[in-house]
Amino acid sequence: MSKKDYYEVLDIRRNASQDDIKRAFKKLAFEHHPDRNPDSDETDDKFKEVNEAYQILSDENKRAQYDSFGHISGDGFQPGANYSNFGDLFGSLFEDVFSGGGTTRAQRGRDLKYDLELMFEEAVFGINKEIEIPKNTLCEECSGKGAQPGGEVTCGSCSGTGSMNYSQGFLTISRTCSNCGGSGSVITKPCKGCKGKGLVYINKKVSVKVPAGVETGSRLRMRDEGESGFYGGPSGDLYIELHVKEHEFFKREGNNLFIEVPISFVQAALGTEIEIPTIEGKANFKFPSGTQPGQSFKLKGKGVTDLRSGRKGDMYVISQVEVPVKLNSKQKEILKEFEKYSKTEDQPLISKFINKFQGYIEKIVVFN
Ligand SMILES: [Zn+2]
Ligand SMILES: [Zn+2]
């Protein structure tokens with residue numbers, strides 16, 4: 001059964017003074033004294049609890065120990081005052097006490113981040129890239145020990161155990177030896193390759209497999225390709241953040257591609273079949289007669305392969321209808337002739353506008 005927090009038992013704050021503690025104890029001891037409640041087991045337990053809490057908290061040494069380590073008893077540690085620090089505390093205590101020292105210095109290597117720029121097509125189709133990562137890595141000359149062969153002696157402070165024992169109340173706590181940092185040995189002749197650090201700074205070549213369908217902001221994680229750990233700790237990871245360059249024709253939204261294709265107003269009116277670019281090369285595309293400016297046409301499955309599902313997105317062709325910026329006299333003559341045969345009802349936007357305009361003018365007249 002887990003014990004109640006001593007501060008809770010006495011109903012005081014964590015920074016309570018000795019006077020506060022004494023006052024709280026007296027009040028509760030009086031309330032729960034077995035003499036006042038002779039028939040209640042519950043009161044008896046409560047009285048014992050209050051008594052125990054007071055024994056610990058009224059003694060500054062025991063209180064400090066309780067604040068750091070919580071309840072210490074035969075059945076293990078229990079969280080004390082500070083839950084947020086408890087994980088760390090327990091972690092280091094646990095290692096110190098049970099690992100017998102020696103490995104406590106192990107430190108995980110740092111994670112690294114690399115920004116990789118990709119061509120639009122590389123992101124769409126995927127690619128294998130070789131990149132160079134500047135990083136700290138284990139010195140091969142000394143296998144990360146930092147010493148020349150035979151350049152290491154057993155630590156005198158801890159006799160090579162890597163840990164020192166301290167008595168704290170009724171508990172013996174084992175701490176990492178500060179002389180050797182827990183390694184159990186001291187370097188007398190540092191390795192020349194790494195000057196005793198055990199790590200060297202290099203440019204490591206790494207092959208990156210970029211899957212098809214990535215986009216700007218996509219991140220690839222390469223396990224253990226970060227910096228080497230210290231003192232036998234594991235390596236960190238390498239995170240590759242992707243940045244995709246813009247395409248001269250295509251805009252991308254998710255797995256769909258968009259392309260604007262300009263055609264003449266004659267082509268738009270009559271319809272036309274022309275060659276257009278696709279992400280895989282080129283294709284014939286047919287604009288129907290009566291194509292409007294900004295009209296979009298969907299080409300199914302001509303988009304980007306989805307990174308996860310493998311399903312293909314679509315491609316959208318958007319018409320840009322261009323009016324000539326200059327006409328010669330012959331063209332003008334033909335177009336004037338053409339206009340004679342044009343009917344308003346075949347041009348829905350124009351006829352709608354004319355109708356609306358008519359209504360608008362009539363309303364204006366009423367208001368005046
Ligand atoms: Zn030592
Ligand atoms: Zn070395």
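This briefing describes the fold, confidence and selected residues of a single chain.

The structure is a predicted model, and its 368 residues include 21% that count as buried. The secondary structure of the chain comes to 9 helices and 17 strands. Of the contacts in the chain with a separation of 6 or more, 63% are accounted for by residues 24 or more positions apart.

**Confidence**

- The average pLDDT of the chain is 84, and 88% of the residues reach a score of at least 70.
- Over residues 72-103 the pLDDT stays under 50, and for this stretch the model has 44 contacts beyond four places in sequence.

**Nonpolar cores**

- The largest nonpolar core holds 15 residues, and those that touch the most other members are Leu 118, Ala 123, Leu 242, Val 244, Leu 257, Ile 259 and Met 315.
- At least two residues of this core come from each of strand S3 (112-118), helix H6 (120-125), strand S11 (238-244), strand S13 (256-264) and strand S17 (315-322), and S11 gives the most, with 4 residues.
- This core lies between domain 2 (112-241) and domain 3 (251-322), because both domains give residues to it.
- Leu 242 is in contact with Leu 116, Leu 118, Ala 123, Val 214, Thr 216 and Ser 218, when its neighbours within four places in sequence are left aside.
- Another core, of 14 residues, lies apart from the largest one, and its members include Ile 21, Leu 28, Tyr 54 and Leu 57.

**The hairpin of S6 and S7**

- Strand S6 (residues 163-168) pairs with strand S7 (residues 171-176) in the antiparallel sense, over 6 bridges, and Met 164 has Arg 175 in S7 as its bridge partner.
- The hairpin has 2 residues between the strands, and in this hairpin Gly 169 takes a positive phi near 65°.

**Two loop residues with positive phi**

- Most residues other than glycine have a negative phi, which gives a background for the two residues below.
- Asp 11, a residue other than glycine, has a positive phi near 55°, and its place is in the loop between helix H1 (6-10) and helix H2 (18-32).
- Asp 11 has 12 other C-beta atoms within 10 Å, and therefore it is exposed, given that the cut-off for an exposed residue is 12 or fewer.
- Ser 159 is likewise not a glycine, yet it has a positive phi of about 55°, and it sits in the loop between strand S5 (152-154) and S6.
- Ser 159 counts as exposed because it has 10 C-beta neighbours inside 10 Å.

**Asn 136 in strand S4**

- Asn 136 is found in strand S4 (residues 127-138), and it is buried, with 23 other C-beta atoms within 10 Å, where the cut-off for a buried residue is 20 or more.
- Not counting residues up to four places away in sequence, Asn 136 touches Leu 199, Tyr 201, Glu 227 and Ser 228.
- The C-alpha atoms of Asn 136 and Gly 229 are 9.0 Å apart in space, although the two residues are 93 residues apart in sequence.

**Helix H8**

- Helix H8 (residues 329-340) has 12 residues, which should span 16 Å at 1.5 Å a residue, and its end C-alpha atoms are 17 Å apart, which agrees with that expectation.
- The number of buried residues among the 12 of H8 is 0, so the helix lies largely in the open.

Methods: Residues are numbered from 1 along each chain as its sequence is written. Chains are lettered from A and ligands numbered from 1 in the order in which they are written. This is a predicted model: local features need pLDDT of at least 70, side-chain atom pairs count only at pLDDT 80 or more; totals for chains, interfaces and linings use all residues. The expected span of a helix is 1.5 Å times one less than its number of residues. A nonpolar core is a set of buried Ala, Val, Leu, Ile, Met, Phe, Trp, Tyr and Cys residues joined through C-beta atoms within 7 Å. Domain bounds come from an automatic or database domain assignment. Two residues are in contact if their C-beta atoms, placed from the backbone, lie within 7 Å. pLDDT is the predictor's confidence in each residue, from 0 to 100. Two strands pair if DSSP finds at least two bridges between them.
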